Amino acid sequence: MKRQALTSALLRPQFAALAAVLFINWLLFPGFFTVTWQDGRFFGSLLDVLNRGAPVAILAIGVTAVIATKGVDLSVGAVMAISGAVAAVMVSTGTPAAIAIPVALLAGLICGFWNGVLVTYLDIQPIIATLVLMVAGRGLAQLITEGSIVTFSDPVLSYIGTGALFGLPMPVVIAFVLMIVTTIAVRRTALGLLIEAVGVNRSAARFAGISSRLLLLLVYSFAGFCAAIAGLVVAGDIRGADANNAGLWLELDAILAVVLGGTSLLGGRFSIPMSVVGALIIQAMNTGILISGFSPQFNLVVKSAVIILILVLQSPQAGQWLSRRFTPLTPPPKRSAK
Amino acid sequence: MTDAAHPVLEARGIVKIFGQHRALDGVNFAVRAGEVHALLGENGAGKSTLIKILTGAYQPDGGDILLEGAPVRFTDPLNAQGSGIGTVYQEVNLLPNRSVAENLFLGRQPTRFGLVQRKSIVTQAAALMATYGLDIDVRAELGSYSVAVQQIVAIARAVELSGKVLVLDEPTASLDRNEVDKLFDVVRSLKARGLGIIFITHFLDQVFAVSDRVTILRNGQLIGTRDLSTVTATEVVRMMLGKDLAYAHAAPPVDEAAKGPVKVTFTGLGRAGRVAPFTLSLHAGEVVGVAGLLGSGRTEMARLMFGVDTADEGETIVDGRPVRVRNPAQAVAAGFGFCPEDRKLDGIFGELSVRENIIIALQAKLGWFRALHRDEQDEIAGRYADDLDIRAANHDMPVKLLSGGNQQKVILARWLANDPTFLILDEPTRGIDVGAHAEIVRTINRLREEGLALLVISSELDEVVAYSNRVVVMRDRKMVAELHGADITPAVIVAAIADNTLTTEPVT
């Protein structure tokens with residue numbers, strides 16, 4: 001039974017898409033799957049995909065729950081910039097990382113909470129509510145850094161972006177752990193079901209006695225928290241906070257990752273691991289185009305083509321068409337319903 | 001106009017197969033020009049499948065469709081509409097935020113030099129509405145009018161676009177009696193204009209009021225077509241159910257002595273502009289029926305009790321202790337349950353499974369961290385699904401695929417799984433077929449015997465009379481009467497609703 005569930009999970013179009021993209025990468029660059037061990041960690045293009053894909057994966061983990069409630073969070077890119085700016089300014093003025101990191105995470109949590117308040121208590125549509133912070137947040141980050149790129153040499157913070165644990169890049173470890181912890185948190189508790197219920201029918205959820213406000217506050221706060229983690233990863237990676245560019249447009253990649261992972265923008269059923277797979281599909285394409293030597297301008301065009309393909313494969317219409325093509329038309333003999 | 005004996009639209013030997021299920025098996029159906037032809041059957045009988053085939057939404061797997069005697073094939077509803085077959089559904093699918101005129105002419109606006117001629121639309125629309133006996137401002141938003149007017153606008157649009165056959169799919173489900181009469185006037189005038197009208201409804205009296213012939217389906221089979229002048233209601237019901245219903249809910253009068261102690265009391269509960277303060281106590285093992293017209297405040301009363309709307313005065317007392325009910329979560333905590341009137345909007349989680357729909361309120365009560373294990377969920381869902389005879393292929397299928405009656409039972413199961421002390425049912429039998437209807441009435445009686453306090457809002461007086469220990473009557477957002485014992489008859493209730501002294505006129 002378990003094995004069957006696993007096989008059917010692996011047969012989802014997302015995995016096929018990821019495999020196909022990786023295969024094309026291998027055709028373009030035969031050394032793609034080569035992994036080497038050096039200086040106590042693994043190196044290779046595959047690791048690169050995981051490492052570069054980690055920030056979007058981390059964002060997508062948070063955004064998945066938001067989208068499952070029929071919302072959306074456009075502000076996560078800006079929140080990344082805020083958290084990076086907070087951490088960078090603090091450590092560059094002598095505050096230990098042990099304080100700067102929790103403060104940066106708290107900043108993200110507050111940003112998310114703010115979104116949650118706008119959505120639940122003021123009843124503003126999520127796309128507008130989070131647009132406010134998408135625009136204002138980047139300004140806020142620029143105010144924190146006073147308009148310049150704040151660099152630092154704090155070892156702990158740069159370890160988050162560039163270090164390695166068990167031979168794996170730190171961002172990958174963080175994204176993986178976050179994925180596992182979050183998945184357990186939503187599936188071993190009732191949170192997952194309640195989030196889906198609110199996403200499917202908020203009014204019915206209210207009638208069934210679900211406190212959707214608390215749930216929405218939690219979900220948006222968590223998205224802000226994840227964005228703050230991603231912000232730390234990116235800041236640590238470049239050892240600096242660039243309020244203008246950190247996380248720029250990544251909210252869109254994160255939303256795309258969630259949709260590729262099969263969560264509908266109309267809310268309802270969601271899967272956090274599949275969103276992470278979605279993020280990896282996006283990064284595998286980015287990396288493939290880079291290493292193939294095409295000019296990066298192709299990136300966006302190829303990306304959109306692949307995305308259209310994956311979305312078509314996921315659409316119910318395509319599913320019906322395929323099943324009609326590949327199953328016998330004559331129905332089996334009628335049995336009485338007794 | 002076609003000869004009255006020759007059908008304008010005819011279906012011969014229609015077969016439709018879904019997977020292994022024969023939804024329609026060799027069904028013949030014909031509607032003549034200038035007749036109203038009712039299509040009846042329990043949910044799952046194949047009514048909607050047949051309609052969808054006649055209007056091009058589905059393709060038949062066998063059989064022919066003839067329009068004015070010539071074989072046709074409709075590729076989609078637009079194609080059918082172009083050929084003269086228009087449809088109006090229960091939920092008006094027009095644009096509520098656009099004007100009546102725009103809705104009437106949407107997609108075929110008269111233009112000059114590529115610009116829409118607004119004035120011409122307005123005058124034409126006003127003239128058109130006048131032919132339907134409606135003198136309304138066609139420039140006002142459609143949504144600002146009652147559902148009845150919206151229905152008539154939808155009918156006018158459908159007739160303008162098609163003009164030979166009009167399909168009315170449960171158009172009266174959300175209308176009150178006056179509105180139904182108005183709608184029927186429109187239907188009769190269209191009939192006089194020579195349209196063939198197919199009328200689908202759950203209300204037998206409406207079938208007899210407006211239709212000429214009736215076709216009855218059961219389990220995808222044609223049971224028969226009859227002239228309504230030659231059959232009685234009992235015969236029609238027998239054909240639909242394939243058995244004598246023997247009026248299952250003409251139960252013996254409710255035993256007043258069987259009820260237990262007071263469970264819930266609402267004292268002076270009210271909200272300005274919604275419901276005037278009312279006081280009501282419910283005993284264990286008692287059903288209190290609520291009668292009143294649409295808009296009389298009956299649903300608003302239930303919403304206050306359950307905390308969907310917050311009361312601005314009065315208090316709620318459960319088992320002798322005052323409790324705070326400011327939102328549904330607190331109501332659930334106090335042991336209340338509420339099956340709302342609008343199942344689709346406020347009741348079911350369409351995408352979620354039957355199992356999840358049943359356990360969701362219990363899970364919400366248990367909180368975030370005490371998740372019901374999958375085995376427990378299966379056990380609870382299985383128990384209540386058996387108990388209420390919920391017919392679903394399995395409990396993991398999305399609840400939106402079930403029929404209306406089964407969806408209602410799922411919501412009922414959701415509350416029973418919560419072990420409530422007080423259950424509010426708002427129009428529990430609206431829009432569900434006769435068989436499921438009788439089952440719900442039986443369930444209400446059973447729950448009363450098991451000691452629940454129930455408040456049942458219904459506009460079907462026969463039904464209210466059959467299960468209520470007491471009946472409260474709402475009028476103009478006030479509780480105006482409380483009827484006991486021998487006073488619980490349709491005649492007395494109608495008199496109370498109408499604020500007349502009792503007359504002996506027969507009801508219905």
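First, some housekeeping. Residues are numbered from 1 along each chain as its sequence is written, while chains are lettered from A and ligands numbered from 1 in the order in which they are written. Since the model is predicted, local features need pLDDT of at least 70 and side-chain atom pairs count only at pLDDT 80 or more, whereas totals for chains, interfaces and linings use all residues.

Let's start where the chains meet. Which chain gives 24 residues to the contact, and which gives 28? Chain A gives 24 and chain B gives 28, with two residues in contact if their C-beta atoms, placed from the backbone, lie within 7 Å. On the side of chain A that touches chain B, helix H9 (191-200) and helix H10 (202-207) each supply at least two residues. Helices here are DSSP runs of H or I with at least four residues, and strands are runs of E with at least two, numbered from the N terminus.

Now look at helix H11 of chain A, residues 212-238. Of its 27 residues, 22 are buried, so H11(A) is largely enclosed by the rest of the structure. Buried means 20 or more other C-beta atoms within 10 Å of a residue's own, exposed means 12 or fewer, and partly exposed is in between, with C-beta atoms placed from the backbone. Just after H11(A), Arg239(A) has a positive phi of about 50 degrees.

Finally, find Glu68(B), in the loop between strand S4 (62-67) and strand S5 (70-72) of chain B. Glu68(B) is partly exposed, because 15 other C-beta atoms lie within 10 Å.

Key
Expected span 1.5 Å × (residues − 1).
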